[in-house]
Each structure stands twice: as structure tokens, then as C-alpha cells.
Amino acid sequence: MSSDGDWGDQGYSAWYARVSGVGSSLAQAMIVPVLAVLTALIIGAVIIALTDVDTLPLWGSDPAEAFRLTMDGIFNAFKALFLGSLGSPRAISETLFAATPLILAGLAVAVGFQAGLFNIGVNGQMLIGGMAALWVGFSLDLPAIVLIPLALAAAIVGGAFWAGIAGLLKAKTGAHEVITTIMLNFIALFLVDYLLKSSIYQAPGRNDPISRPANVAAQFPRLLGDHRLQIGFLVALAAVAFVWWLMYRTTMGFEFRAVGFNPDGGRYAGMSVAWVYVSVMAVSGALAGLAGANQILGLEPYRGISNFSGNIGFDAIALALLGRSHPVGVLFAGLLFGALKAGGREMQGAAGIPIDLVLVLQALIIVMIAAPELVRAIYRIKTPEQEAGTTMSTGWGS
Amino acid sequence: MGPFSRLGKVLTGEAGQTRTAQRTPSVSRASASEKRLTLELRHITKQFPGVLACDDVNLTVSEGETVALLGENGAGKTTLMNILYGLYTPTSGEVLVDDVPIVMESPSDAIAAGIGMVHQHFMLVPVFTVSENVVLGDEPTEVAGWIDQKTARDRVRTISARYGLEVDPDTYVEDLPVGSQQRVEIIKALSRDANFVIFDEPTSVLTPSEVEGFFKIVEGLKADGKGIVFISHKLGEALEIADRIVIMRRGKTVAEVVPKDVTEEKLAELMVGRPVDLVVDKSESKPLEVVLLVDNLSVLDDRGQLAVNGMSFDVRAGEIVGIAGVQGNGQTELVESLTGLQPSMSGTVYLGGEDVTTKSPRAIHKMDVAHVPEDRQRSGLVLPFTITENIVLDSYYESPISRGVQMNWSEASDRAERLVEEYDVRTPGINVLVSTLSGGNQQKVIVAREFDRDVTLVIASQPTRGIDVGSIEYIHSRIIEERDAGAAVLIVSSELDEIKALSDRILVMYEGRIAGEFDGSASTTEIGLAMLGGAGEAEAS
């Protein structure tokens, strides 16, 4: 008995369809993220001003001078942020280098969102995928042209397998993927620690959890001389193109999106919802696995260490939201976060602003993305529903 | 709204005036000599972004009068009533009780002004008793906040005795049939001293005999001096019950008539804006071979209860078989089982002689079965998808809509263009999200998708629920076309009128069984009786 416009009890999925921007037009999808970033930067400037301990007392005695100094501080901070991320070939290399795993992991989350699944387990899938790639990377003695694709394939299989477990559990038992992927994160974390101390992986002569290094042939070749940017970034670009093609040009992507919006509709249309859940998680995990491989074969010391995925799997959620779950959106969001990371280091060094400010900026962006009404309220933007009106055409004309 | 708006009302003195107006005990007003209160909507306009839902609407209802508000879905009836009940604030215009404007910002303002509403979807707490539901929001309490159950029960008894609204105050609402739940809603409205009661589509959930009971209740309320607003799209009921009929179309009141001056045809024309064929034009059926054969089928529902209990019937090529029945008697499970969405417990389903009992939805779809599902928004459509995407929702995997793993979007767009044209879907374009279409156009998208091939069997569940008269007319004619083209058609509907209009044969479902079989010309009374499980059990509910 649902009346027109009633979304039934899909409250949760409706929320993240809205928040993740799935299904909205390009202009609508862009407006909130862009304004969120802008607002975050403004708030960041205010924070810089308020934490400038040397200048604060001056406001009482010499406000003009205080204002000048504060503006200087803000200007210097943003200048450092800019120079550190885009100001030199090295800076650009650092930005793209930092963006690479973020883009891959962000795509993993975005694919899940598009199909109505919330993959929180990207970290775990990165760990398993990365370990699989590492094993290929140090045990096979092959030329780079063969070895690197093999290692990437191993990462894909490893990540897909680990995420596929969660997909299978959801398909067969209805277990919610948020719970199972979080639990699988813990299992992966400790499994990797265990493997790193086992004779298969552990570096000879070491007692701590650290693996032997990958063969030189397996290490991702750099793209800009000595700068750290390596071919992982090209893999990420290829992944963006692949995900776009998969989601919008293939029957499989059509099924993913249909089931993501409306599982009942998918079932009615003859799709196997269980199969979709398993395959979506597998695709998502495969992308996460590539991010994991990048974190071992793409940077020094080219070894597995404890929790080498770091926080990337969680940054990826923010990124997918910021990128509105669209592969191109994720690419830009990844570049932005990469730039903040690279520029943040410069800002800390040159302007003396702690790099934690970057984390604050990222967090502010995420808060505003997750609560789009906040941004809409600040800038008095109408919601897409309000713009479209309730119905475009009523029934039937006279 | 907050404390300040309330303060504002006190300051302007409006609150005080309305209070005194409505606090007059309703008992004393039974005498006709006393002045009758009037509820008036004056120049109400409600602008939603992009849509003018109500456009300078005027409506008055006096105590002791029944006004029917007729209109198609989307005509603005519900918006108007939501304004009257304080759920929306009008863009301009005002609500007056006895010529005193009321500040209407929430339902509690409406209740204070003596307006009660019985919603289409009941707002009851199923695990509470009748009396608990009635006092909810205005509970008589004892020491320490305990609910005074005795007073609560007495309130219910007083009102039910006075208006003949029989219901046991101590029954849990979830155990009550729908008709009785509606009575609880009415009692609830009356217990807040409502002088005016608004009924939103009150008969849509009732069986024919319950509808009669409901009409008696309305007569009783009217005799006691209540003003009634009856919102409906059912012409016959409006003619039967109303003193005056107000017709809305596209946000405007287009006519106000007295029942004795009009016919159903005239009302339909006013509602739609052009002459409408109320009688479905259809020739004698020529049933041929059996297409669908259901043998002793039993199906469990989600909770593991037996929903379909050993049903056997057949549907032949070239005939329309209608399954009538009050909703929730196993129709949903029957259809889901026939279309492969839900496994059956026992029994066999044959399609063209082939056993399809355990076939998947896709396999059944591939056998040229068209399925118009019961709930178009829940399962028939993917709302955030475009029309094109919805048109290919169940054929995307086949050539020519896909080639190998890739979608062929230009082919899909061509098909969508063609079907939008052919099935008269009113839309700015094929790349519009279906969520922005009206219910009737959404349903046409489904019908277009399902009928666009050589169909051997049509299974249509509630094919016209909640859509406008024009779309109903159109979809009915399409269904008959399919029959005439040689398809077997199974219609499941809780609208008896629809079943009667379309069916060549009628089966009545009651508690998972076939409670009666009639030919297309059987009377409403006969079928209505069977809908309650036959003569013997009619008294029980």
C-alpha cells in the first residue's frame, strides 16, 4: 500500500543513496562536494587564525597589525599547502603518489555503494590482496613485464576472495556486510601479523613481523625520475575507466545498480540478488586488493609490515562519499585528498601548521558530505526533490 | 514551530477564541435549533516548488452535513486535507471555524479546533489495546503517571454506545479486522470532541459489507451534528453518501454539485475533464486451450503461515480470470508463487502443459509471461532509474538490448522512445527518472515493458491501484487487447469494480482458498458475501 513517492522502509539505503549521490545528475552531484571543500577550507583558515597563539594577544592592542599577521599566517599556510601539492614536479609526484591507493580504495567503496552495499572492510581486503601480491613478488623470479601483472592478479584474487566471504555470508545468511567486513578486518589484521612471523614471509634473521623484500622486478617502476610516483597511479587510472565501463556499460553493472537501488525490483526482474551481492563484493575487494599491492610493491621498503594498509580503507569511505560514488568523482576526490596529504607535509615544514590540520579539513569535508542538509542550509540551496517538484507530469491531460 | 508561535497565538487572542468556540459540549448541539458551526477553507493556495498543489481552493462544511471531495490522484485533495489538519501550512489563504481564523501549525491545533481525521493508513499502535490507542496523546493518568485504564475504557464505551461503533476496548488492535480498526480511528477522533471529521479514502480497505457498515456510521455521525468531509475517488460512494460533492482537478475546485443532479458519468467527466467511458468495452470471450493450470497449490507466507491453501484453477487463452478478495487473503503469495518469486510448499503449476512450479522468475518470464506486480514502486520499478533503464529492466540481458557483456544503450533508448509513444507515457523524455512520474505513468511504463512482446499469459496484480481514471481506462483497454490477441489473463485486485469490469470469470479468494466461482455477470452482493468466506462466516467478522 505504498502511496506515490513513498520509498517504503528503505530508509537506510535511501539515506546513502542520497548521501553517496548515486542516481543524481552531474550538476546536483557536484554542488555539495565542491561547497563542502570550500567551506572546509574557510573553517580551516579560521582555525589557523584562532590557534595563532603569538598573534591572539595583539587583537586587543593593535587589531590592524593582528589582522595583518593573521592574514599573513593564513596566506602562508595555504601557500605552503599549494606549493607542497602542486608547486613543483616533486610536489605533483607526491600528490599523485599519495592519491594512488586512495583512488583504488575509494573505487572499492564506491562500487559497493552503487550496489547498495557498505564495504567497510577495504582495509582487510587490502591486507590480504597486498600479501598475495607480495608473495608473488618475492617468490617468483620473472621479468618485471610478467611479474608485475602476476602480482596484480594475485592482489585482485586475494582481495576479491576476502570481500567475497562477506558477500557470500550476506547472500546465504543475510548477515549484514557492515558487521562481517569489520570482523574480517580484524581477522585479516592478525592473520597478516601471523604470516609476517611465519617462515613463508618473515625476513631471514628477523624476529619482528616484517617480510622479506619483493624482488626488484616486482617493484613498481617510477614514472618521474627519482620522484616517488610509480605505475600504481596508471593502474588506478585504468581502474577508474574500468569501473565506469563496468557500472554504466555492462549488463553486470546494470544488475549491480538495479539491485543496489531496489533489491525487490531486481528479484522481480529475474536478477539473482544473491549472485549480485557476491560479485559486487568480489569486484570491490579486487580493487581494494590492488590498493594493497600498491602499498607494498609501490613504496619503500617494498616489504610487508604490520597493518600496512593504515587508515586508507577508512579514508576511502570519505572519498567515495565525496566523489558521489562515481568513478570520475572518486578520481578527483582522491586527487584532492592526495594533494592535502602532500601539501600538509609542506605546510607543517614551511608554515609550522601541524599536519593534523589536514585531518581536520578532511573530517570537516566528510561531516558536510554526510549531512548535505548542512551545506544546503549554509548556502540556501534547494534539494533536488524541491527543484524537481513532486511530479513532473500529472497523470493525464485534458 | 516552538513556544514562540504559541505565544503569538495567545497574544493575538486567536487561540482563546477558537478554544471557546470548540469547547461547547457536542452533546448540547444535537438540538437543531442551535447555530451550526461552519468549517471553511478560504482561498487556499499551496505552492510546492514546481507544483501548484492547491490553487485558490474554497471549501465549506457545516455541522450535520456530509461533503464529498472527489478528484483523481494528484488533484490536490490530500494536500488540501493535510492543510486542514495542520500538517502543511498553506502558501496563502486561511482556515476558519465559525468565521474565526485559526492558526494551524500542527495537528494539535487542528484537534483543538475540533477537527478530527481518519487517515487512509491507520495511525494505530498494533500492540496496544483499543482503549490505549484511543487515549494515546491525551491519557487520563493516576498517581505517578499510571494510565487510568478504567477511565480510558469508559471513554471508548461511551462513544461506541452513542454512535454504534461496536468494538471491545480491551482487544489488541493487531487482532482486529480492518473495518474495526477504522472504527477505532473514528472513536479516537470523536474522543477529542471533534465537530468535523475528515475521512481520507475510508472505503479503500473495506469489504462491500464493511462499506455498508461504514456508511451507517457516517449517517449516525451526521445525525448527531458532526460535519463530515469524505475524500474519495469512488464515484458511486460519493453519490450515495454525500449531501454535496466538490470536485477537484489539478489543484482547483472545478465544480460543486448535489448528488441528485448528477450521474456517475457526469462526475467522472468533471474529475477528468473530458467524457470517460466507465464501462469497459469488451466483447464476449472466446476461451481456447488451458494456458495456466494450478493444481492444489499451497504457499507459505514470510512468517511461515499457510497463505495459499490448496488452490486449483485454470486460465484459458482468450479469457480474463479475476481473483477478487479482501487484501491479505493469500493473493500476494499466490501471484509471487506463480511468477517464481516465492517457492510453493506443495502442488503444481503448469504453463502451457509444462511444469513450472520450481522455475525461476527469469525462466517464467522467458515463457512469455507478463507480470504487472502488486506494488509498482517496491518491485515493479527501480525508482532512481530512468524510463529507459526501467523499460529494459527484465530484458537487459538479451539481444538486442545487450551484446555479450555490454549494454546496447542506443537500442534500449530506441525501445524506450517507441514504447513511451505507443503507451502514452506522459513524460518530458526517456531519460527522466521514473520517480518523477505520476503513478499512472509509472504504471504505464510497467505495462509497456511487460506487454511489448507476444505474451501468452498476463498476471496483473492490482493493475490500477492509486492511479488516475484516464490511466485506468487505458490500462484496462490494453489488458483486454491482450486477451483478444489470444493471451490468458489473470487479474488480482481488491477493487471489486475492477474485477467485475474486466473478468470473464471471477474467483473469490478467502483465507488462501477459493471461496466461490462466478461468471462475469455475478452481482456485487453475491461476490461480496464470498469475500467474507461465504454466508456461514459472514457474521463472524
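Two residues are in contact if their C-beta atoms, placed from the backbone, lie within 7 Å. The views below show a predicted model.

**View 1. Helix H19 of chain B lies across strands E13, E21 and E22 of chain B.** Helix H19(B) runs at about 30 degrees to strand E21(B). Within this helix, which spans residues 524-531, the buried residues are B:Ile527, B:Gly528, B:Leu529, B:Ala530 and B:Met531. B:Gly533 follows H19(B) and has a positive phi, near 90 degrees.

**View 2. An open sheet of chain B is formed by six strands with mixed pairing.** The strand order is E16-E19-E20-E13-E21-E22. Strand E16 (369-372) and strand E22 (513-519) of chain B each have a single partner strand and stand at the edges, so one side of each lacks a neighbour in the sheet. From one strand to the next, the twist averages 15 degrees. Strands of a sheet pair through backbone hydrogen bonds, in either a parallel or an antiparallel sense. Strand E21 (residues 505-510) of chain B pairs with E22(B) in the antiparallel sense, over six bridges. In this pairing, B:Arg513 in E22(B) is the residue opposite B:Tyr510.

**View 3. Helix H11 of chain B lies across strands E13, E19, E20 and E21 of chain B.** Helix H11 comprises residues 331-338, and runs at about 150 degrees to E19(B).

**View 4. Domain 2 and domain 3 of chain B are in contact.** Domain 2 of chain B consists of the segments 277-368 and 454-536, whereas domain 3 covers 378-453. The centres of these two domains, taken over C-alpha atoms, are separated by 25 Å. In the contact, 13 residues of domain 2 of chain B meet nine residues of domain 3 of chain B. Helix H17 (residues 469-484) of chain B supplies six residues, the largest share of the domain 2 side. By class, that side holds four nonpolar, four polar and five charged residues.

**View 5. Helices H6 and H7 of chain A pack against each other at an angle of about 150 degrees.** The axes of H6 (residues 122-139) and H7 (residues 144-173) of chain A are 7 Å apart, and the crossing is right-handed. Among the contact residues are A:Gly129, A:Gly130 and A:Trp135 in H6(A), together with A:Gly158, A:Gly159 and A:Trp162 in H7(A). The residues of this contact comprise 15 nonpolar, seven polar and no charged. Chain A as a whole has 17 helices and zero strands, and 50% of its 398 residues count as buried.

How values were computed:
Residues are numbered from 1 along each chain as its sequence is written. Chains are lettered from A and ligands numbered from 1 in the order in which they are written. This is a predicted model: local features need pLDDT of at least 70, side-chain atom pairs count only at pLDDT 80 or more; totals for chains, interfaces and linings use all residues. Domain bounds come from an automatic or database domain assignment. Helices (H or I, at least four residues) and strands (E, at least two) are DSSP runs, numbered from the N terminus. Ala, Val, Leu, Ile, Met, Phe, Trp, Tyr, Cys and Pro count as nonpolar, Asp, Glu, Lys and Arg as charged, and the others, Gly among them, as polar. Axes are lines fitted to C-alpha atoms, for helices over the stretch in contact, and angles run from 0 to 180 degrees between N-to-C directions. A crossing is left-handed if the near helix is turned anticlockwise from the far one by less than a right angle, and right-handed if clockwise. A residue is buried if 20 or more other C-beta atoms lie within 10 Å of its own, exposed if 12 or fewer, and partly exposed in between; C-beta atoms are placed from the backbone. Two strands pair if DSSP finds at least two bridges between them.
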